[in-house]
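Here is a short tour of one protein chain, written for someone who likes to check values against the atoms. Have the viewer open and follow along residue by residue.

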Amino acid sequence: MATNKISYAAADNYRMARSKTLINLDDDTFYLIQIPRYAFVRTVWLFISSAYDTAGATVSVGWVGNGETANTTGFISTDVADCLVEGLKVSMSDTLTTFQGKYFNDASGLITLTSSKAGGTGGTMLVFAEYTVIM
């Protein structure tokens with residue numbers, strides 16, 4: 001006999017969120033997009049319209065919250081972000097530190113961006129996130 005473990009938790013819509021335009025950021029971690037509890041983040045994008053100008057500069061996109069230790073490279077690691085090159089970068093699951101999605105099941109959270117200019121000038125960028133809330 002089979003045991004019934006069917007879940008009726010479902011969502012039929014997706015939400016897109018965008019950060020403010022980030023220009024010449026200081027060396028720090030910045031809170032960008034608030035993610036509600038029970039949200040599943042599907043994909044995160046980093047759009048760099050003006051690149052950083054110094055070798056050694058780095059950018060990563062991560063998260064904080066959900067009752068867990070913050071992960072500054074949780075969505076886009078520094079090698080994928082490559083802030084010295086303009087363009088659209090996307091969260092990938094090709095490294096151990098970068099994940100395409102994240103479920104915020106225990107608490108709400110925030111998508112973060114960590115910047116290090118390496119003594120130069122930071123670029124201009126936006127972060128986008130697609131998520132759904134599953135109740």
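Thr 132 sits in strand β10. In this predicted model, is Thr 132 buried or exposed? Its relative accessible area is 6%, and the cut-off for buried is under 20%, so Thr 132 counts as buried. The side chain of Thr 132 also makes a polar contact, reaching the backbone oxygen of Asn 13 at 2.6 Å. Beyond its neighbours up to four places away in sequence, Thr 132 touches Ala 11, Asn 13, Tyr 14, Tyr 38, Ala 39 and Phe 40.

Strand β10 covers residues 124-133, and Thr 124 belongs to it as well. Setting aside residues up to four places away in sequence, the contacts of Thr 124 are Thr 21, Leu 22, Ile 23, Phe 47, Ile 48, Ser 49 and Ser 50.

Now for the chain as a whole. It has one helix and 10 strands, and their order along the sequence is β-β-β-β-β-β-α-β-β-β-β. Along the principal axes, the C-alpha atoms fill a box of roughly 65 × 25 × 25 Å. Of the contacts with a separation of 6 or more, 81% join residues 24 or more positions apart. Of the 135 residues, 39% count as buried. The chain exposes about 7400 Å², with carbon and sulfur atoms supplying 53% of that area. As for charge, there are 9 positive and 12 negative side chains, and the centres of the two sets lie 10 Å apart.

What does the nonpolar interior look like? In soluble globular proteins, nonpolar side chains tend to be buried together. Here the largest nonpolar core has 29 residues, and those with the most contacts inside it are Val 44, Leu 46, Val 61, Ile 111, Leu 113 and Val 127. The elements giving two or more residues to this core are β3 (28-35), β4 (39-50), β5 (58-65), β6 (68-76), α1 (78-81), β9 (109-116) and β10.

Another threonine, Thr 112, is found in strand β9. Thr 112 counts as buried because its relative accessibility is 3%, with the cut-off at under 20%. A polar atom of the Thr 112 side chain lies 3.5 Å from the backbone nitrogen of Trp 63. Leaving out residues up to four places away in sequence, Thr 112 touches Thr 29, Phe 30, Tyr 31, Leu 32, Ser 60, Val 61, Gly 62, Trp 63 and Val 64.

Next come Ser 50 and Ala 51. Ser 50 is found in strand β4, while Ala 51 is in the loop between β4 and β5. Apart from residues up to four places away in sequence, Ser 50 touches Glu 86, Gly 123 and Thr 124. With its own neighbours within four places left aside, Ala 51 is in contact with Cys 83, Leu 84, Val 85, Glu 86 and Gly 123. From C-alpha to C-alpha, Ser 50 is 9.5 Å from Asn 24, which is 26 residues away in sequence. For Ala 51 and Asp 82, 31 residues apart in sequence, that distance is 8.9 Å.

Two backbone angles are also worth a look. Most residues other than glycine have a negative phi. Asn 66, in the loop between β5 and β6, has a positive phi of about 65°. Ala 118, in the loop between β9 and β10, has a positive phi near 55°.

| Residue | Relative accessible area | Class |
|---|---|---|
| Asn 66 | 2% | buried |
| Ala 51 | 22% | partly exposed |
| Ser 50 | 30% | partly exposed |
| Ala 118 | 36% | partly exposed |

Technical notes. Residues numbered from 1 in each chain as written. Predicted model: local features only at pLDDT ≥ 70, side-chain atom pairs only at ≥ 80, totals over all residues. Heavy atoms only, no water. Helix = DSSP H or I, 4+ residues; strand = E, 2+ residues; numbered from the N terminus. Contact = heavy atoms within 4.5 Å. Buried < 20%, exposed > 50% of the residue type's maximum accessible area, 1.4 Å probe, protein only. Areas by Shrake-Rupley, 256 points an atom, 1.4 Å probe, with all protein chains shown as cover. Lys, Arg positive; Asp, Glu negative; His and termini not counted. Charge placed at Lys NZ, Arg CZ, Asp CG, Glu CD. Core = buried A, V, L, I, M, F, W, Y, C linked by side-chain atoms within 4.5 Å. Polar contact = N/O pair within 3.5 Å; in protein donor to acceptor, adjacent residues only side chain to side chain.
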